[in-house]
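Below are some notes for a colleague who has the model open. They go point by point and keep to what can be computed from the coordinates.

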Amino acid sequence: MRLDLTDMLYALSFALDSVEAELVGVNTGHGKRVAYLALLMGKEAGYREEELRDFIGCCLLHDNALTESINDELSDKGAENLSPDLLELCDMNKLERNHSVIGEDNIRLLPFRSDVKNVILYHHENADGSGVFGKKASETPLKSQILHFADIADTAKVFRPESMTKAEYDELCEWVNGRKDIKFSGEVAELFKKAVSFDKIAELQEKGLDHCLHEELHKEIVDYPDETIRNIANLFTKIVDYKSEFTERHSTGVAQKAEIMAHYYGFDAEKSIRFYFAGAMHDIGKLAVSNGILEKPDKLTDEEFSAMKNHASATYYVLKQIKEIPDILEWASNHHEKLNGKGYPRGLSAEQLSFEDQLMACVDIYQALTEKRPYKDGMSHEKSISIMLGMAERNELNEKIVRDMDALFGK
């Protein structure tokens with residue numbers, strides 16, 4: 001399957017930023033701003049393009065384990081839901097340590113070709129050794145130091161390139177000088193000084209962040225083997241499924257059953273792995289929906305249901321930015337459409353929905369009915385199929401697909 005991995009991570013960074021915005025209050029675009037600042041400094045440091053691609057991938061994913069780590073700690077404390085209010089229960093030093101360790105382990109699933117060891121692991125270390133692992137700048141990779149610098153500059157909201165004035169840029173330079181050899185090393189401060197002029201900020205304001213990112217790092221489309229695609233997909237199912245107990249293992253289950261059905265219908269190997277990928281990514285938009293809505297055990301209000309429905313639109317928005325997957329875009333984002341045109345987000349009818357769209361909708365519903373959730377036990381296969389056949393009678397689902405799933409999963 002052909003992909004530009006960096007392009008894909010640019011697109012998916014929107015979903016990761018949504019989680020961080022909800023939980024820790026970072027501004028939208030955090031991942032891309034961190035990546036841009038790190039990219040300029042990495043170029044100044046002399047990294048070749050292959051190294052830069054992998055480094056930028058780490059920057060975009062530096063907080064990939066944030067929800068996993070918070071959920072684990074809150075679970076240990078007996079808290080049930082993930083929310084900004086409950087963050088007060090967390091030991092922030094422990095949280096920074098754990099999400100760095102887990103995040104470092106997670107990115108081993110990605111096909112990086114250069115050395116990115118410890119880049120994410122040590123991205124909360126201060127130059128003076130006061131970080132969570134007690135490592136000084138001399139004991140951590142320069143890439144990790146640059147990432148740390150870019151991360152704290154953006155979270156402290158002193159790096160605001162889209163709206164920064166010359167006076168604010170000068171204040172940023174003073175901020176850097178005041179923290180040299182404490183938060184970050186003199187080497188990192190010097191890299192910033194050489195790499196990030198106000199002219200670069202002005203160029204970003206004229207052309208836009210996305211344009212500048214793509215201009216600084218050219219496209220590289222690679223034909224990845226199936227196992228690599230599966231690993232990439234599995235990393236993001238893990239991120240989505242850890243968003244809340246509501247989504248726990250849902251994306252994983254949909255991806256697995258989607259592939260089973262793909263084989264059942266005789267899809268070739270390339271199409272089968274693409275269908276698996278679509279199943280893994282179908283709920284990526286749920287990262288943009290608050291946990292208060294995802295985990296509400298009662299009936300949603302009209303306003304809350306409207307917000308919930310936005311996850312399908314968000315999935316479409318995210319995946320549309322990945323140019324090499326137009327088929328996956330449709331299969332993943334149409335999973336709540338109905339044959340009678342009463343689904344969402346686009347209200348497509350049977351004539352507008354491919355067989356694959358209809359199949360993904362059935363797989364998603366079957367998985368949702370049969371899985372255990374915080375407010376319900378999973379239904380039996382028989383009960384789930386009965387409900388789905390009722391939906392088919394109302395011209396919502398493809399009856400043949402439902403009966404095929406009954407025959408296959410009933411065993």
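In which loop does Pro-345 lie? Pro-345 is found in the loop between helix H16 (326-333) and H17, where helices (H or I, at least four residues) and strands (E, at least two) are DSSP runs, numbered from the N terminus.

1. Basis of the notes. This is a predicted model, in which local features need pLDDT of at least 70 and side-chain atom pairs count only at pLDDT 80 or more, while totals for chains, interfaces and linings use all residues. Residues are numbered from 1 along each chain as its sequence is written, and side-chain values use heavy atoms, with hydrogens and water left out.

2. The chain as a whole. The secondary structure of the protein chain comes to 19 helices and 2 strands. Of its 411 residues, 57% count as buried, a term that stands for under 20% relative accessible area, with exposed over 50% and partly exposed in between (1.4 Å probe, protein chains only). Taking contact to mean heavy atoms within 4.5 Å, residues 24 or more positions apart account for 69% of the contacts in the protein chain with a separation of 6 or more.

3. The cis peptide and its surroundings. Most residues other than glycine have a negative phi, and most peptide bonds are trans. A cis peptide bond joins Tyr-344 and Pro-345, with omega about 15°. Both Tyr-344 and Pro-345 are in contact with Ala-312, as is Ser-333, when the neighbours of Ala-312 within four places in sequence are left aside. Ala-312 belongs to helix H15 (residues 302-320) and counts as buried because its relative accessibility is 0%.

4. Positive phi values. Two residues deserve a look here. Asn-118 has a positive phi of about 70° although it is not a glycine; the residue sits in the loop between H5 and helix H6 (142-155) and is buried, with a relative accessible area of 19%. Lys-157, also not a glycine, has a positive phi of about 65°. Lys-157 lies in the loop between H6 and helix H7 (166-179), and at 35% relative accessibility Lys-157 counts as partly exposed.

5. His-99 is found in helix H5 (residues 92-106) and, at 3% relative accessibility, counts as buried. Leaving aside its neighbours within four places in sequence, His-99 touches His-62, Asp-63, Ala-65, Leu-66, Ser-69, His-123 and His-124. His-99 and Asn-64 are 35 residues apart in sequence, with 7.9 Å between their C-alpha atoms. Asp-105 lies in helix H5 and is partly exposed, with a relative accessible area of 41%; between Asp-105 and Lys-117, 12 residues apart in sequence, the C-alpha to C-alpha distance is 9.8 Å.

6. Packing of H12 and H19. Two packed helices are described by the angle between their axes and the distance between the axes. Helix H12 (residues 250-264) and helix H19 (residues 399-409) pack at an angle of about 100°, with their axes 11 Å apart, where axes are lines fitted to C-alpha atoms, for helices over the stretch in contact, and angles run from 0 to 180 degrees between N-to-C directions. H12 is therefore roughly perpendicular to H19, since angles of 65 to 115 degrees count as roughly perpendicular, those under 35 as roughly parallel, those over 145 as roughly antiparallel and the rest as oblique. On the H12 side, Lys-257, Ile-260, Met-261 and Tyr-264 meet Asp-404, Met-405, Leu-408 and Phe-409 in H19. These contact residues divide into 6 nonpolar, no polar and 2 charged (Ala, Val, Leu, Ile, Met, Phe, Trp, Tyr, Cys and Pro count as nonpolar, Asp, Glu, Lys and Arg as charged, and the others, Gly among them, as polar).

7. Gln-367. This residue is found in helix H17 (residues 355-370), and Gln-367 counts as buried at 7% relative accessibility. Not counting residues up to four places away in sequence, Gln-367 touches Arg-249, His-250, Gly-253, Val-254 and Lys-257.
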